[in-house]
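Dear colleague,

I am handing over the structure below, together with a summary of what turned up in it. Please read the summary with the model open beside it.

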Amino acid sequence: MHVNGKHLSRTQATKYNGILVKHDISSSHYFTFYKTDSHIVLINDNANLKGFINTAVSKNILDSANKKVKLELNGNTAYINGTQVSTVLLGKLNTVLLQNKIIPTPGKVFEIIKLGNYKLGYSVGPKTHLGTWQMGN
């Protein structure tokens with residue numbers, strides 16, 4: 001395991017693995033993360049955006065796949081268009097996210113811009129996004 005390009009000792013890696021196990025993130029998830037001070041940014045490999053959207057709509061987490069929506073994720077809370085979701089909905093949401101290889105972390109945002117246009121990751125300012133873009137027509 002590497003953090004910020006440095007190989008971790010066995011003891012350090014065990015601590016990080018403990019965090020992953022605690023949050024039910026399996027070893028089959030591939031991701032990279034960057035740690036600065038007390039901030040960690042997680043970037044997932046091959047997030048299934050369409051699968052997430054379809055499941056979220058079918059489980060009444062999202063209203064529609066073609067309406068503009070901003071979903072702010074951090075694992076402990078979530079906001080849909082600025083409104084905090086209930087504890088019950090948060091549990092469903094986190095399950096659906098992990099099933100689709102999306103790890104909820106502080107600062108991570110999922111947006112439906114319009115039908116077929118999605119982004120997942122970290123928005124840094126009005127014109128910069130770090131993460132996944134999926135653009136249709």
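By the rule used here, under which a salt bridge is a side-chain nitrogen of Lys or Arg within 4 Å of a carboxyl oxygen of Asp or Glu, the count comes to one salt bridge. This is a predicted model, in which local features need pLDDT of at least 70 and side-chain atom pairs count only at pLDDT 80 or more, while totals for chains, interfaces and linings use all residues. Residues are numbered from 1 along each chain as its sequence is written, and side-chain values use heavy atoms, with hydrogens and water left out.

The salt bridge joins Glu 111 to Lys 119, with 3.6 Å between the closest N and O atoms. Buried is taken as under 20% relative accessible area, exposed as over 50% and partly exposed as in between, with a 1.4 Å probe and protein chains only. Glu 111 counts as buried because its relative accessibility is 14%, and Lys 119 likewise counts as buried, at 12%.

Next, the strands. Helices (H or I, at least four residues) and strands (E, at least two) are DSSP runs, numbered from the N terminus, and two strands pair if DSSP finds at least two bridges between them. Strand 8 (residues 108-114) has five of its seven residues buried, so it is largely enclosed by the rest of the structure. Strand 8 runs antiparallel to strand 5 (residues 69-73), to which five bridges join it, and Glu 72 has Val 109 of strand 8 as its bridge partner. Five bridges also join strand 8 to strand 9 (residues 117-123), again antiparallel, with Phe 110 standing opposite Leu 120 of strand 9. The hairpin of strand 8 and strand 9 has two residues between the strands, and in it Gly 116 takes a positive phi near 85°.

The structure also holds two aromatic pairs, where rings of Phe, Tyr and Trp (its six-membered ring) pair if their centres lie within 6.5 Å, and planes under 30 degrees apart count as stacked, over 60 as edge-to-face and the rest as tilted. Phe 52 and Phe 110 form an edge-to-face pair, at 5.1 Å centre to centre and 85° between the planes. Since Phe 52 lies in helix 2 (residues 49-58) and Phe 110 in strand 8, this pair ties together parts that are 58 residues apart in sequence. The rings of Phe 110 and Tyr 118 have their centres 6.5 Å apart and their planes at 20°, so that pair is stacked. Phe 52, Phe 110 and Tyr 118 thus make up one aromatic cluster; Phe 110 is buried with a relative accessible area of 1%, and Tyr 118 is buried at 4%.

A nonpolar core is a set of buried Ala, Val, Leu, Ile, Met, Phe, Trp, Tyr and Cys residues joined through side-chain atoms within 4.5 Å. The largest such core has 22 residues, and those with the most contacts inside it are Phe 52, Leu 93 and Phe 110. Helix 2, strand 5, strand 6 (78-80), helix 3 (87-99), strand 8 and strand 9 each supply at least two residues of this core, and helix 3 gives the largest share, five residues.

Finally, Ile 113, which is found in strand 8, is partly exposed, with a relative accessible area of 31%.

Best regards
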